[in-house]
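Reader: I would like to go through this structure and ask what lies behind some of the labels. Please set each value against its cut-off.

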Amino acid sequence: MGSAAVFKPDSKPAADTDRARLMLLRRLADVVSLPASRINAFERSVVADLLVDMMRQASVEERRRIAARLVPLTDIPNNILRLLLRDEVVVARELLLECASLSDHDLITCARDTTTEHRKLIAGRRGLSPAVCAALIERGEVEVIELVLNNREAVVPTTSLEEAVALSRQYPQLCGALLKRPELRPSSAYVMFWWCNHEERSVILRRFAVSREVLQGSVVDMFSVAAKDGWSDPVVRKALQFIERRQRNREAAKKSPFEGLEGIIASAAETGLTPDVVAEIGHLAGVKPLTAAKILSDEGGESIAVLCKSTGLTKRYLALLWKAMRRPGSDDSSDPRWERVQIVYDMLAVDRAQTVVRYWNWSLTSALTPQLIRAIREGEDHLIDQFSAAERAAMLALSDDFKN
(Lines give C-alpha, C1' and ligand atoms only; values in the text may rest on other atoms or scores of the structure.)
Protein backbone atom coordinates (compact mmCIF):
# COMPACT_ATOMS: atom_id res chain seq x y z
CA MET A 1 0.00 0.00 0.00
CA GLY A 2 2.79 2.40 0.94
CA SER A 3 4.64 1.74 -2.32
CA ALA A 4 1.53 2.27 -4.40
CA ALA A 5 1.03 5.66 -2.80
CA VAL A 6 4.41 6.84 -4.19
CA PHE A 7 3.17 6.49 -7.73
CA LYS A 8 -0.09 8.29 -6.98
CA PRO A 9 0.97 11.81 -5.94
CA ASP A 10 -2.55 13.10 -6.37
CA SER A 11 -3.67 10.86 -3.46
CA LYS A 12 -1.48 12.96 -1.11
CA PRO A 13 -1.74 16.66 -0.32
CA ALA A 14 0.54 18.90 -2.45
CA ALA A 15 2.46 20.05 0.61
CA ASP A 16 3.31 16.47 1.55
CA THR A 17 4.45 15.73 -1.99
CA ASP A 18 6.71 18.80 -2.02
CA ARG A 19 8.11 17.89 1.39
CA ALA A 20 8.95 14.37 0.31
CA ARG A 21 10.57 15.58 -2.88
CA LEU A 22 12.62 18.14 -0.97
CA MET A 23 13.76 15.58 1.59
CA LEU A 24 14.83 13.14 -1.13
CA LEU A 25 16.63 15.87 -3.04
CA ARG A 26 18.64 16.79 0.04
CA ARG A 27 19.40 13.15 0.88
CA LEU A 28 20.73 12.56 -2.64
CA ALA A 29 22.84 15.71 -2.35
CA ASP A 30 24.21 14.39 0.95
CA VAL A 31 25.15 11.07 -0.67
CA VAL A 32 26.85 12.73 -3.66
CA SER A 33 28.86 14.84 -1.23
CA LEU A 34 30.20 11.83 0.71
CA PRO A 35 33.99 11.33 0.64
CA ALA A 36 35.52 8.65 -1.61
CA SER A 37 36.10 6.47 1.46
CA ARG A 38 32.32 6.16 1.91
CA ILE A 39 31.08 5.80 -1.66
CA ASN A 40 32.70 4.42 -4.78
CA ALA A 41 32.71 6.14 -8.19
CA PHE A 42 29.95 3.95 -9.67
CA GLU A 43 27.58 4.55 -6.77
CA ARG A 44 28.25 8.28 -6.92
CA SER A 45 27.53 8.25 -10.65
CA VAL A 46 24.16 6.51 -10.19
CA VAL A 47 23.16 8.93 -7.43
CA ALA A 48 24.27 11.85 -9.60
CA ASP A 49 21.96 10.73 -12.40
CA LEU A 50 19.02 10.68 -10.00
CA LEU A 51 19.99 14.03 -8.51
CA VAL A 52 20.28 15.71 -11.92
CA ASP A 53 16.82 14.50 -12.88
CA MET A 54 15.34 15.86 -9.65
CA MET A 55 17.22 19.15 -9.80
CA ARG A 56 15.56 19.98 -13.11
CA GLN A 57 12.30 20.23 -11.20
CA ALA A 58 13.73 21.84 -8.05
CA SER A 59 13.41 25.50 -7.08
CA VAL A 60 16.18 28.00 -7.74
CA GLU A 61 16.92 28.24 -4.03
CA GLU A 62 17.29 24.46 -3.68
CA ARG A 63 19.61 24.32 -6.67
CA ARG A 64 21.64 27.15 -5.15
CA ARG A 65 21.96 25.25 -1.87
CA ILE A 66 23.12 22.11 -3.64
CA ALA A 67 25.67 24.09 -5.64
CA ALA A 68 27.00 25.70 -2.45
CA ARG A 69 27.30 22.27 -0.80
CA LEU A 70 29.40 20.99 -3.71
CA VAL A 71 31.91 23.90 -3.67
CA PRO A 72 34.50 22.23 -1.37
CA LEU A 73 34.37 18.85 -3.15
CA THR A 74 37.34 17.70 -5.22
CA ASP A 75 35.34 15.19 -7.28
CA ILE A 76 32.03 16.58 -8.49
CA PRO A 77 30.14 14.37 -10.97
CA ASN A 78 30.41 15.95 -14.41
CA ASN A 79 26.69 15.87 -15.22
CA ILE A 80 25.84 17.74 -12.01
CA LEU A 81 28.60 20.24 -12.63
CA ARG A 82 27.50 20.95 -16.18
CA LEU A 83 23.93 21.51 -15.07
CA LEU A 84 24.77 23.84 -12.19
CA LEU A 85 27.44 25.89 -13.98
CA ARG A 86 24.95 26.64 -16.75
CA ASP A 87 22.14 27.42 -14.33
CA GLU A 88 21.02 30.92 -13.37
CA VAL A 89 23.79 33.15 -12.05
CA VAL A 90 22.47 32.99 -8.49
CA VAL A 91 22.86 29.18 -8.60
CA ALA A 92 26.24 29.06 -10.31
CA ARG A 93 27.84 31.96 -8.42
CA GLU A 94 29.59 30.13 -5.58
CA LEU A 95 30.84 27.33 -7.81
CA LEU A 96 32.26 29.78 -10.36
CA LEU A 97 33.93 31.94 -7.73
CA GLU A 98 35.08 29.46 -5.11
CA CYS A 99 35.19 25.88 -6.38
CA ALA A 100 38.88 24.98 -6.72
CA SER A 101 38.20 21.66 -8.47
CA LEU A 102 36.85 23.26 -11.68
CA SER A 103 39.13 22.49 -14.60
CA ASP A 104 40.06 24.86 -17.41
CA HIS A 105 37.76 22.82 -19.63
CA ASP A 106 34.87 23.34 -17.20
CA LEU A 107 35.44 27.09 -17.15
CA ILE A 108 36.02 27.51 -20.88
CA THR A 109 32.91 25.56 -21.88
CA CYS A 110 30.88 27.44 -19.28
CA ALA A 111 32.18 30.75 -20.67
CA ARG A 112 31.22 29.62 -24.16
CA ASP A 113 27.70 28.41 -23.31
CA THR A 114 26.44 30.93 -20.75
CA THR A 115 25.87 34.64 -20.21
CA THR A 116 28.01 37.72 -19.70
CA GLU A 117 27.19 37.59 -15.98
CA HIS A 118 28.60 34.06 -15.77
CA ARG A 119 31.76 35.20 -17.57
CA LYS A 120 32.14 38.12 -15.17
CA LEU A 121 32.12 35.66 -12.27
CA ILE A 122 34.74 33.49 -13.98
CA ALA A 123 36.87 36.59 -14.59
CA GLY A 124 36.98 37.19 -10.85
CA ARG A 125 38.28 33.72 -9.94
CA ARG A 126 41.65 33.31 -8.29
CA GLY A 127 44.45 31.87 -10.41
CA LEU A 128 42.93 32.18 -13.88
CA SER A 129 45.05 30.28 -16.41
CA PRO A 130 46.15 31.71 -19.80
CA ALA A 131 43.68 29.44 -21.61
CA VAL A 132 40.70 30.66 -19.58
CA CYS A 133 41.80 34.30 -19.91
CA ALA A 134 42.04 33.87 -23.67
CA ALA A 135 38.53 32.37 -23.83
CA LEU A 136 37.12 35.30 -21.85
CA ILE A 137 38.94 38.05 -23.75
CA GLU A 138 38.29 36.72 -27.25
CA ARG A 139 34.57 37.45 -26.91
CA GLY A 140 35.29 41.19 -26.80
CA GLU A 141 33.04 41.96 -23.80
CA VAL A 142 34.59 45.05 -22.25
CA GLU A 143 33.20 44.51 -18.73
CA VAL A 144 34.57 40.97 -18.66
CA ILE A 145 37.93 41.99 -20.11
CA GLU A 146 38.31 44.74 -17.53
CA LEU A 147 37.69 42.24 -14.73
CA VAL A 148 40.27 39.84 -16.18
CA LEU A 149 42.85 42.61 -16.47
CA ASN A 150 42.20 43.75 -12.90
CA ASN A 151 42.52 40.18 -11.60
CA ARG A 152 46.04 40.11 -10.19
CA GLU A 153 46.13 36.33 -10.06
CA ALA A 154 45.19 35.92 -13.72
CA VAL A 155 47.88 35.03 -16.26
CA VAL A 156 47.01 36.75 -19.52
CA PRO A 157 48.68 35.44 -22.71
CA THR A 158 50.40 37.95 -25.00
CA THR A 159 48.00 37.51 -27.91
CA SER A 160 44.99 38.12 -25.66
CA LEU A 161 46.65 41.17 -24.14
CA GLU A 162 47.16 42.57 -27.63
CA GLU A 163 43.47 42.00 -28.36
CA ALA A 164 42.67 44.05 -25.26
CA VAL A 165 45.13 46.76 -26.36
CA ALA A 166 43.33 46.99 -29.70
CA LEU A 167 39.96 47.30 -27.93
CA SER A 168 41.33 49.98 -25.59
CA ARG A 169 41.32 52.45 -28.46
CA GLN A 170 37.54 52.21 -28.61
CA TYR A 171 37.08 51.60 -24.87
CA PRO A 172 39.59 53.82 -23.01
CA GLN A 173 38.51 52.44 -19.63
CA LEU A 174 40.72 49.43 -20.44
CA CYS A 175 43.90 51.52 -20.65
CA GLY A 176 44.46 51.91 -16.92
CA ALA A 177 43.92 48.20 -16.28
CA LEU A 178 46.25 47.24 -19.15
CA LEU A 179 49.04 49.42 -17.79
CA LYS A 180 48.96 47.47 -14.52
CA ARG A 181 49.50 44.12 -16.23
CA PRO A 182 53.00 42.66 -15.78
CA GLU A 183 52.67 40.96 -19.18
CA LEU A 184 52.32 44.26 -21.08
CA ARG A 185 55.21 44.70 -23.51
CA PRO A 186 56.80 48.05 -24.45
CA SER A 187 55.60 47.63 -28.06
CA SER A 188 51.98 47.56 -26.89
CA ALA A 189 52.47 50.38 -24.38
CA TYR A 190 54.07 52.69 -26.96
CA VAL A 191 51.17 52.29 -29.37
CA MET A 192 48.58 52.73 -26.57
CA PHE A 193 50.23 56.07 -25.84
CA TRP A 194 48.33 57.67 -28.74
CA TRP A 195 44.91 57.22 -27.16
CA CYS A 196 45.74 57.27 -23.44
CA ASN A 197 45.04 60.23 -21.18
CA HIS A 198 47.81 62.29 -19.58
CA GLU A 199 48.13 60.22 -16.40
CA GLU A 200 48.33 57.00 -18.40
CA ARG A 201 50.84 58.51 -20.82
CA SER A 202 53.01 59.48 -17.87
CA VAL A 203 52.88 55.89 -16.60
CA ILE A 204 53.92 54.62 -20.03
CA LEU A 205 56.88 57.00 -20.21
CA ARG A 206 58.03 56.24 -16.66
CA ARG A 207 57.69 52.49 -16.99
CA PHE A 208 58.54 51.76 -20.62
CA ALA A 209 60.82 54.56 -21.78
CA VAL A 210 63.86 52.38 -21.18
CA SER A 211 67.53 53.12 -21.65
CA ARG A 212 69.41 51.48 -24.52
CA GLU A 213 72.79 51.69 -22.78
CA VAL A 214 73.35 47.93 -22.49
CA LEU A 215 72.15 47.37 -26.04
CA GLN A 216 74.41 50.10 -27.38
CA GLY A 217 77.42 48.71 -25.55
CA SER A 218 76.85 45.22 -26.90
CA VAL A 219 76.83 46.28 -30.57
CA VAL A 220 79.24 49.21 -30.54
CA ASP A 221 81.58 47.49 -33.02
CA MET A 222 78.76 46.69 -35.44
CA PHE A 223 78.53 50.26 -36.71
CA SER A 224 82.01 50.09 -38.24
CA VAL A 225 81.29 46.62 -39.65
CA ALA A 226 78.08 47.87 -41.29
CA ALA A 227 79.83 50.97 -42.60
CA LYS A 228 82.53 48.83 -44.26
CA ASP A 229 79.76 46.88 -45.98
CA GLY A 230 78.29 50.16 -47.20
CA TRP A 231 75.17 49.67 -45.07
CA SER A 232 74.03 47.23 -47.74
CA ASP A 233 71.99 44.99 -45.46
CA PRO A 234 68.62 46.75 -44.87
CA VAL A 235 67.80 44.64 -41.82
CA VAL A 236 71.10 45.51 -40.12
CA ARG A 237 70.72 49.16 -41.11
CA LYS A 238 67.22 49.40 -39.65
CA ALA A 239 68.24 47.72 -36.39
CA LEU A 240 71.33 49.90 -35.92
CA GLN A 241 69.35 53.03 -36.66
CA PHE A 242 67.12 52.09 -33.74
CA ILE A 243 70.10 51.48 -31.44
CA GLU A 244 72.46 54.35 -32.27
CA ARG A 245 72.92 57.25 -29.84
CA ARG A 246 72.50 60.08 -32.33
CA GLN A 247 68.92 61.17 -32.99
CA ARG A 248 69.28 64.15 -35.30
CA ASN A 249 70.08 63.85 -38.99
CA ARG A 250 73.38 65.75 -39.22
CA GLU A 251 73.65 65.45 -42.97
CA ALA A 252 70.21 66.95 -43.39
CA ALA A 253 71.16 69.84 -41.09
CA LYS A 254 74.13 70.71 -43.30
CA LYS A 255 71.86 71.00 -46.34
CA SER A 256 68.92 72.71 -44.62
CA PRO A 257 68.30 76.39 -45.43
CA PHE A 258 67.20 76.75 -41.81
CA GLU A 259 70.63 75.62 -40.52
CA GLY A 260 69.18 72.91 -38.36
CA LEU A 261 66.23 71.92 -36.23
CA GLU A 262 66.27 75.04 -34.05
CA GLY A 263 66.13 77.28 -37.12
CA ILE A 264 63.06 75.69 -38.70
CA ILE A 265 61.20 75.58 -35.37
CA ALA A 266 61.90 79.28 -34.79
CA SER A 267 60.62 80.03 -38.28
CA ALA A 268 57.54 77.82 -37.85
CA ALA A 269 56.65 79.65 -34.63
CA GLU A 270 56.00 82.72 -36.78
CA THR A 271 54.53 81.14 -39.90
CA GLY A 272 52.82 78.05 -38.50
CA LEU A 273 53.12 74.42 -39.57
CA THR A 274 52.60 73.33 -43.15
CA PRO A 275 53.01 69.80 -44.51
CA ASP A 276 56.41 70.77 -45.93
CA VAL A 277 57.54 72.25 -42.62
CA VAL A 278 56.38 69.14 -40.72
CA ALA A 279 58.27 66.92 -43.15
CA GLU A 280 61.40 69.06 -42.77
CA ILE A 281 61.18 68.98 -38.97
CA GLY A 282 60.90 65.22 -39.15
CA HIS A 283 63.83 64.98 -41.56
CA LEU A 284 66.08 67.08 -39.31
CA ALA A 285 64.88 65.20 -36.19
CA GLY A 286 65.74 61.84 -37.74
CA VAL A 287 62.18 60.58 -38.17
CA LYS A 288 60.03 59.89 -41.21
CA PRO A 289 57.37 62.40 -42.37
CA LEU A 290 54.51 60.13 -41.23
CA THR A 291 56.00 59.90 -37.74
CA ALA A 292 56.52 63.65 -37.59
CA ALA A 293 52.94 64.25 -38.71
CA LYS A 294 51.62 61.87 -36.05
CA ILE A 295 53.65 63.58 -33.31
CA LEU A 296 52.88 67.14 -34.38
CA SER A 297 49.14 66.47 -34.66
CA ASP A 298 48.89 64.82 -31.24
CA GLU A 299 46.02 66.45 -29.39
CA GLY A 300 47.45 65.89 -25.93
CA GLY A 301 50.87 67.23 -26.84
CA GLU A 302 53.02 64.98 -24.63
CA SER A 303 54.59 63.45 -27.73
CA ILE A 304 55.98 66.91 -28.62
CA ALA A 305 57.90 66.91 -25.35
CA VAL A 306 59.25 63.43 -26.12
CA LEU A 307 60.45 64.55 -29.55
CA CYS A 308 62.12 67.70 -28.20
CA LYS A 309 63.89 65.86 -25.40
CA SER A 310 65.06 63.10 -27.74
CA THR A 311 66.68 65.63 -30.08
CA GLY A 312 68.29 67.72 -27.32
CA LEU A 313 66.09 70.77 -27.88
CA THR A 314 65.88 73.15 -24.94
CA LYS A 315 62.65 74.23 -23.33
CA ARG A 316 62.75 77.43 -25.34
CA TYR A 317 62.31 75.46 -28.54
CA LEU A 318 59.68 73.28 -26.94
CA ALA A 319 57.68 76.47 -26.36
CA LEU A 320 58.33 77.68 -29.91
CA LEU A 321 57.17 74.35 -31.36
CA TRP A 322 54.04 74.50 -29.23
CA LYS A 323 53.45 78.00 -30.56
CA ALA A 324 54.05 76.80 -34.14
CA MET A 325 51.26 74.27 -33.62
CA ARG A 326 49.01 77.18 -32.65
CA ARG A 327 48.22 75.63 -29.32
CA PRO A 328 47.24 77.90 -26.42
CA GLY A 329 49.44 78.22 -23.40
CA SER A 330 53.08 78.65 -24.44
CA ASP A 331 52.84 82.24 -23.17
CA ASP A 332 50.48 81.31 -20.35
CA SER A 333 51.77 78.80 -17.82
CA SER A 334 48.27 78.28 -16.41
CA ASP A 335 47.11 76.31 -19.46
CA PRO A 336 46.80 72.67 -18.25
CA ARG A 337 47.94 71.04 -21.50
CA TRP A 338 51.04 73.21 -21.71
CA GLU A 339 51.80 72.43 -18.07
CA ARG A 340 51.55 68.70 -18.76
CA VAL A 341 53.84 68.97 -21.78
CA GLN A 342 56.51 70.67 -19.65
CA ILE A 343 56.19 68.02 -16.93
CA VAL A 344 56.81 65.26 -19.48
CA TYR A 345 59.80 67.13 -20.88
CA ASP A 346 61.32 67.49 -17.40
CA MET A 347 60.75 63.88 -16.36
CA LEU A 348 62.41 62.21 -19.36
CA ALA A 349 66.11 61.56 -19.90
CA VAL A 350 67.38 62.05 -23.46
CA ASP A 351 68.23 58.38 -24.04
CA ARG A 352 64.85 57.18 -22.80
CA ALA A 353 63.01 59.72 -24.93
CA GLN A 354 65.01 58.49 -27.92
CA THR A 355 63.87 54.92 -27.28
CA VAL A 356 60.23 55.99 -27.51
CA VAL A 357 60.73 58.12 -30.62
CA ARG A 358 62.74 55.37 -32.33
CA TYR A 359 60.03 52.83 -31.66
CA TRP A 360 57.33 55.15 -32.95
CA ASN A 361 59.35 55.78 -36.08
CA TRP A 362 60.07 52.07 -36.54
CA SER A 363 56.50 50.93 -36.05
CA LEU A 364 54.72 53.79 -37.79
CA THR A 365 56.86 53.84 -40.90
CA SER A 366 59.57 51.23 -41.26
CA ALA A 367 57.10 48.46 -40.48
CA LEU A 368 54.61 49.60 -43.11
CA THR A 369 54.34 47.34 -46.12
CA PRO A 370 51.73 47.21 -48.91
CA GLN A 371 50.26 44.10 -47.28
CA LEU A 372 49.99 45.83 -43.90
CA ILE A 373 48.47 48.99 -45.38
CA ARG A 374 45.88 46.87 -47.18
CA ALA A 375 45.08 45.04 -43.93
CA ILE A 376 44.68 48.37 -42.11
CA ARG A 377 42.42 49.83 -44.78
CA GLU A 378 40.26 46.74 -45.08
CA GLY A 379 40.05 46.14 -41.34
CA GLU A 380 41.61 42.68 -41.53
CA ASP A 381 42.30 42.45 -37.79
CA HIS A 382 42.00 38.65 -37.95
CA LEU A 383 45.35 38.61 -39.79
CA ILE A 384 47.17 40.35 -36.95
CA ASP A 385 49.15 37.23 -35.93
CA GLN A 386 50.87 37.25 -39.33
CA PHE A 387 52.61 40.54 -38.55
CA SER A 388 55.56 41.48 -36.35
CA ALA A 389 55.24 43.50 -33.15
CA ALA A 390 56.12 46.70 -35.00
CA GLU A 391 53.62 45.93 -37.75
CA ARG A 392 50.87 45.23 -35.24
CA ALA A 393 51.68 48.52 -33.52
CA ALA A 394 51.37 50.36 -36.84
CA MET A 395 48.08 48.62 -37.56
CA LEU A 396 46.65 49.87 -34.27
CA ALA A 397 48.12 53.38 -34.30
CA LEU A 398 47.33 54.20 -37.91
CA SER A 399 43.99 52.46 -38.46
CA ASP A 400 41.98 55.68 -38.27
CA ASP A 401 44.45 57.57 -40.49
CA PHE A 402 44.27 55.07 -43.33
CA LYS A 403 40.53 54.48 -43.14
CA ASN A 404 39.63 58.17 -43.35
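Author: This is a predicted model, and the chain averages a pLDDT of 81, with 83% of the residues scoring at least 70.

Reader: Which elements have the lowest and the highest mean pLDDT?

Author: Helix α1 (residues 2–6) has the lowest, at 37, and helix α10 (residues 142–150) has the highest, at 97. Residues 1–15 have a pLDDT below 50, and this stretch makes four contacts beyond near neighbours in sequence. Residues 379–391 also stay under 50. For residues 379–391 the model has 23 contacts beyond four places in sequence.

Reader: What makes Cys175 count as buried?

Author: The cut-off for buried is under 20% relative accessible area. Cys175 is at 0%, and therefore counts as buried. Cys196, at 7%, is under the cut-off too, so Cys196 is also buried.

Reader: Which residues touch the most other members of the largest nonpolar core?

Author: They are Leu95, Met192 and Trp360, in a core of 113 residues. Helix α23 (residues 315–324) supplies the largest share of this core, seven residues. Leaving aside neighbours within four places in sequence, Leu95 is in contact with residues including Ala67, Leu70, Ile76, Leu102 and Arg125.

Technical notes. Residues numbered from 1 in each chain as written. Predicted model: local features only at pLDDT ≥ 70, side-chain atom pairs only at ≥ 80, totals over all residues. Heavy atoms only, no water. Core = buried A, V, L, I, M, F, W, Y, C linked by side-chain atoms within 4.5 Å. Buried < 20%, exposed > 50% of the residue type's maximum accessible area, 1.4 Å probe, protein only. Helix = DSSP H or I, 4+ residues; strand = E, 2+ residues; numbered from the N terminus. Contact = heavy atoms within 4.5 Å. pLDDT = per-residue confidence, 0-100.
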